[in-house]
Amino acid sequence: MLILACLPIGDSRDASAHLIQSIQQVQYVAAEDSRKFARLCQDLNIKHNAKVISFFEGNESEKIEELTNLLKSQKDVLVATDAGAPGISDPGYRLIRAALQSNVEIKVLPGPSAVTTALLLSGLPTDRFCFEGFPPRTQGARAKWFEELAQQERTVIFFEAPHRITECLVDAGAAFGLDRSGAICREMSKHYEEVVRGSITELITWAKSKEILGEITVVLAGFDPASRQIADEDLIKMVFELEEIGESRKEAIAQVAKKYAVAKRVVFDAMVTYKSEDKI
């Protein structure tokens, strides 16, 4: 059986009784960091006889065959990343796929999640949200990444490294607007837990105010379609640009409506008004 163990994201007391029992009984542990796993066991006063196998991003692909062979030979393997759930911005997904292809049973030990913990702490809408992992590290790719998310109506959650948080928020502000609401959740469930809520402008001010350390999860409010203000001239211009590259008037109107999340009738009426004024 492949056992995916959700570990505490900070406070070791969040470990479930089921997790503790599984670590005590399992035969093999695939650990992202063997030292951190040993420290967790020490904090929880766990004694185990499992063989600990190093399993991290750098060696994940080459360890798949070894771990899959163990599973196929009726051995239980527990996957433990540094914190939270395996496979969520951590090693695990490829091993899960390999296990499924080998008809190996999979079991998840539910537990803490930085994604849902930050969502609840943020005070932002929880009914619909998306998790986007880590933004790209380079400025150009990151700016494009945010532009693609700018009109996402769900609450957006992502991780970021402390040394990049200021630049990341600046790029987010350029794409989302500096008045977009958000929250930064740092060191959740740990002694120095900190949650900062406010506009992106206020979050940037906070990030610039001191040296930032620790694990960071960022939550940003989704786009509100009611706040959209698009001039008819911009809609008309986009229709013409699409027609110039070969799109029909009907298809151009449909694409513009989709891009700006407005009804096709709005774009159509703008074109009719423009034509009635003898401008085309």
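I looked up the lining of the largest pocket and found 49 residues, with Asp82, Ala83, Gly84, Asp90 and Glu215 nearest the pocket's centre. I note here that the model is predicted. The space in this pocket comes to about 1200 Å³. I then asked which elements give two or more residues to the lining. They are H2, helix H4 (93-101), helix H5 (114-122), strand E7 (155-160) and strand E10 (216-220). H2 gives the most, with 5 residues. I sorted the lining residues by type and got 24 nonpolar, 11 polar and 14 charged.

Next I turned to strand E2, residues 28-31. Are its faces covered or open? Both are covered: Tyr28 and Ala30 are buried on one side, and Val29 and Ala31 are buried on the other. In a regular strand, side chains alternate between the two faces of the sheet.

I checked the partners of E2. Strand E3 (residues 51-54) pairs with E2 in the parallel sense over 4 bridges, and Ala31 stands opposite Ser54 there. Between E2 and E3 the chain passes through helix H2 (residues 34-43), in a right-handed β-α-β crossover. Strand E4 (residues 77-80) also runs parallel to E2 and is joined to E2 by 4 bridges. In that pairing Ala30 stands opposite Val79.

Last, I followed Ser54 to Asn59. The backbone oxygen of Ser54 lies 3.1 Å from a polar atom of the Asn59 side chain. Asn59 sits in the loop between E3 and helix H3 (60-72). Why does Asn59 count as buried? Because its relative accessibility is 7%, and the cut-off for buried is under 20%.

Technical notes
Residues numbered from 1 in each chain as written. Predicted model: local features only at pLDDT ≥ 70, side-chain atom pairs only at ≥ 80, totals over all residues. Heavy atoms only, no water. Buried < 20%, exposed > 50% of the residue type's maximum accessible area, 1.4 Å probe, protein only. Pairing = 2+ DSSP bridges. Right-handed = clockwise from strand over helix to strand, strands pointing away. Polar contact = N/O pair within 3.5 Å; in protein donor to acceptor, adjacent residues only side chain to side chain. 1 Å grid on protein atoms, 1.4 Å probe; cavity = no way out; pocket = protein on both sides within 12 Å on 5 of 7 lines; lining within 4 Å. Points joined across faces, edges and corners; volume = space filled by probe spheres on them. Nonpolar A, V, L, I, M, F, W, Y, C, P; charged D, E, K, R; others polar.
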